[in-house]
Each structure stands twice: as structure tokens, then as C-alpha cells.
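Subject: Structure for your review

Dear colleague,

Please find the structure below, followed by a summary of what was found in it.

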Amino acid sequence: MNYIGSKFSLLPFLERHITEFSKPDSGWTFFDIFSGTGVVGRHFKKLGFHIVANDIQYYSYCLNRAYIGINCQPGFIGIVEHLPQPAGLSQYDAVDVVLDYLNRLTGVEGFMYRNYCPGGTAGKDFPRQYFTDENGKLCDAIRLQTEDWHRDAFISDDEYFYLLASLIEAMDKVANTASVYGAFLKHVKPSARKPLRLERLEIIPDNRLHRVYNCDGGQLAGKVQCDILYIDPPYNQRQYCTNYHVLETIAKYDHPQLYGITGLRDYRHQKSDFCNSAKALQSLERLIRETSAKYVFLSYNSEGLMREDEIIRMMSQYGVVDLRKEDYRRFRADIDRENRKYRADSVTEYLFCLKKAR
């Protein structure tokens, strides 16, 4: 997924400096407190850490519940024998059978179609085209079928979140946006015209138990026992809950009341203090003060609301601090506009490293 603040391209940088600074033992617990799409947690899961992932966004929880919480491809034993076998495949397993069945469902005019597609919103106060009509209808059909299976205990929790994660990723690929959901495009772009298709997830084989939470990170920091606390908060005023509200609605499918041109849901309970320049530093300090972690790592960048010097000064009260840096090309969620001029094509990524005093 194209995700604001994604650390995918920075994983080698993070691995190198986190392991050099902390020198972890086997079996350490890595707590990714603002996990987003979970790319950092997945990477450190591959390295052998026990992972605890958390995010207040439910779509993020679904992704992490699948990629972090599941250790093998699900068997779908409660439904696979009752579904038709895919035609034209010489080799397939239960996952292929279930995904093929869902991809072939007849679309229905459900909540996504009625609120985020041109056909469903035609003639309404706020016409929207986040998705084509066909993809919106198929999304509704898949989401309803998945919910029915889970409600009737035909699929397990692991299987349920596997399917939700696949649907969230698939819908993001065919979204008619410039990457985030703060607006939709006036004309349907080529990738949004492609048919929605669920795909297999790359599950990391493991025998360790990993935990995933859907909480306010500030309320969880002091409750999770961990060796490493990794903090990757929002860097600016733009809230993730407004940038990805459509994915939140797909994940929850809770038929919320929507507002305005873009169909925002109520997000007041999901707003982050890290998007407020007056609250960000004190919120960071609270996490550091309350965590049981031996080491704390903060990902940030040179254009964030908090200044480099004030972060170092605050963190130094709690132990030994080091700062590692790397330049990289910025993520652009949209093009330059009259009221938003990017300062440069690249920014400096910061990794603040803290060894807490005991």
C-alpha cells in the first residue's frame, strides 16, 4: 500500500541501527506502538522477535492481526469443502479456493456502493467516485459474505482477519485517489478501472505467539512488557483517521453516518496528539516515561512538528541518546498545490535511539 510515513524503503536503515544500538538477545519483545500497515513489525518478526503491534485505526488492526498475528496460511476447513474448485488451476489449496469464490461473487448494492461510488451517489447532495460501481458492489458482496461466515462460526478469527486484510489491500489498489482518501479524483484513473481481486497474503511462518491491539497507544505504553519500544507517530498536522477513513469503513463495515463531500466518518476518538504541535512532545515523553522497555526508538524526520534539539533534550532525561540519520525521497500523497508547497524532493529520516537508565 502507498501509505504516508511507510518505512518499507527504510527497513535496512532501521534494522541496522536498532540492532547495533540495542544488541538484542533472542526472544526479545519488540513493541510497535503505532504500527500502521505493519511493515516494521513484519520485518522484525522475520528477524525472530516476539512482536506486539498496536494501532488505534481498525483497518490497521486488521492488517496487523493478519500479518503479525497469523503464523501460517489458514485452512478454511469450515467452508472449503462446500465451495467450487477453481477452474484452470492445476495446483491450489484452501486459500485459493476461498479467494476464487469471493472474487466471483455477484456484486450487491451495499454500503460502499451507495456511499462511495458514482452510481450509488448519483443525484445525492455529495456524488462520490472513490471506486467504480462494479468494484464497490463486489466489495459489499465480499464484506457481507465474510461477515456471515464469521458470525456463523464457519471461519475462525484468523481466517476472518486474513480475508479482511486481503480485501483492504485489494480495495486500496483500485481506489480512485491520489493515494490517500482525503479526496477522490474527478476522472477515473486506469488502476481504478481494474477489477477488484483478492490476493493471497504473504504470511511469515513462525511458532511464536505475537499480540495485536487496537488501542490508544498512550493508554497501552505502560501495560505492555517489552524490551524495545518502537515509536513511529504522525509527523505533521494531517490525521491518519481522515486520510484513510474509507479503509476504516471497509474494515468496520459499521454503516456510519457520513459527512461532507468526501464522506468522512466521525473520527474524534481517533485524533492523535502527535498532530498537534503543542501536545506532541509531551505525548512522546509520556510514552517514554511509562514504558518498561530497555530501549526506545523514535522514527521521525526533518520536517516534523517536533524539533530535533527538543527531542534530544527531553529523551536525555531518561538515559543515553543517540541520533542516526538517512536522506530519502519523500512520499507525496498528492501534487503540489497553491497552498501546499513541498520544501524539497527529499527529507532526512531521523532515528532517535534511547537506552533507558535503570
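A residue is called buried under 20% relative accessible area, exposed over 50%, and partly exposed in between, using a 1.4 Å probe and protein chains only. This is a predicted model, in which local features need pLDDT of at least 70 and side-chain atom pairs count only at pLDDT 80 or more, while totals for chains, interfaces and linings use all residues. Residues are numbered from 1 along each chain as its sequence is written, and side-chain values use heavy atoms, with hydrogens and water left out.

The search of the whole structure gave 22 salt bridges; the term denotes a side-chain nitrogen of Lys or Arg within 4 Å of a carboxyl oxygen of Asp or Glu.

One of them joins R200 to D93, with N and O 2.8 Å apart. R200 belongs to the loop between helix 9 (190-193) and strand 3 (211-213), and D93 to the loop between helix 3 (58-67) and helix 4 (94-103), so this pair ties together parts 107 residues apart in sequence. Helices (H or I, at least four residues) and strands (E, at least two) are DSSP runs, numbered from the N terminus. D93 is partly exposed at 32% relative accessibility, and R200 is partly exposed at 37%.

A further salt bridge links R143 and E147 (2.6 Å, N to O). These residues are 4 apart in helix 7 (residues 133-151), so about one helical turn separates R143 from E147. R143 is buried, at 1%, whereas E147 is partly exposed, at 33%.

Finally, salt bridges connect R307, D309, E310 and R313 in a network.

Yours sincerely
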